[in-house]
Amino acid sequence: CVLITAAAPALSAASPPAKHLVLVVADDLGYADLGYAGSQIATPNIDKLASAGVKLAHFYVQRACSPTRGALLTGRYNIRYGFQSG
């Protein structure tokens, strides 16, 4: 899994601008498959998001996407909520 986040201000005249959070989780994609990580594959839109946002490069992932997503959403190791296998 690869995770990229980006925040953008919301359009509002009455209150201070709120931030939007965009979370991109990609299955079956290796870290080195992205342009910003040195891949020969062109990924200009992802590269643009990555340059303006935060890249989580040291996230602990599992062999299937479900335990990884569960850990990301709860902030806990997958063994804690019984999702240690896909």
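These questions and answers go through a predicted model of one protein chain and the terms used to describe it.

This is a predicted model, in which local features need pLDDT of at least 70, side-chain atom pairs count only at pLDDT 80 or more, and totals for chains, interfaces and linings use all residues. Residues are numbered from 1 along each chain as its sequence is written, and side-chain values use heavy atoms, with hydrogens and water left out.

Q: What makes up the secondary structure of the protein chain?
A: There are 2 helices and 3 strands. From the N terminus on, they run β-β-α-β-α. Helices (H or I, at least four residues) and strands (E, at least two) are DSSP runs, numbered from the N terminus.

Q: Where is confidence lowest in the protein chain, and where is it highest?
A: Strand β1 (residues 2–9) has the lowest confidence, at a mean of 55. Helix α1 has the highest, at 87. The score is pLDDT, the predictor's confidence in each residue, from 0 to 100. The protein chain averages 76, and 80% of the residues score at least 70. Where pLDDT is low, the predicted coordinates should not be read in detail.

Q: Why is T43 called buried?
A: Buried means under 20% relative accessible area, exposed over 50%, and partly exposed in between (1.4 Å probe, protein chains only). T43 has 14% relative accessibility, so T43 counts as buried. Its place is in the loop between β2 (19–26) and α1. Of the 86 residues of the protein chain, 19% count as buried.

Q: What makes the pair T43 and G35 a polar contact?
A: A polar contact is a pair of N or O atoms within 3.5 Å; within protein, one must be able to donate a hydrogen and the other to accept it, and residues adjacent in sequence count only if both atoms are side-chain atoms. Here a polar atom of the T43 side chain lies 2.7 Å from the backbone nitrogen of G35. Leaving aside neighbours within four places in sequence, T43 is in contact (heavy atoms within 4.5 Å) with D33, L34 and G35.

Q: Why does S39 count as buried?
A: S39 has 18% relative accessibility, so S39 counts as buried. S39 lies in the loop between β2 and α1. Its side chain reaches the backbone nitrogen of I41 at 2.9 Å. S39 also touches A32, D33 and L34, not counting residues up to four places away in sequence.

Q: Why is L49 called partly exposed?
A: L49 has 36% relative accessibility, so L49 counts as partly exposed. L49 is found in helix α1 (residues 44–52).

Q: Which residues make the nonpolar surface patch?
A: V22, V24 and L49 make a patch of about 200 Å². Accessible areas come from the Shrake-Rupley method with a 1.4 Å probe; for residues, only the protein chains shown count as cover.

Q: Why is F83 called partly exposed?
A: F83 has 33% relative accessibility, so F83 counts as partly exposed. F83 is found in the segment after α2. F83 touches S66, P67 and N78, not counting residues up to four places away in sequence.

Conventions: Patches are made of residues with over 30% relative accessible area and no salt bridge: like charges are joined within 9 Å, nonpolar side chains (Val, Leu, Ile, Met, Phe, Trp, Tyr) within 5 Å. A salt bridge is a side-chain nitrogen of Lys or Arg within 4 Å of a carboxyl oxygen of Asp or Glu.
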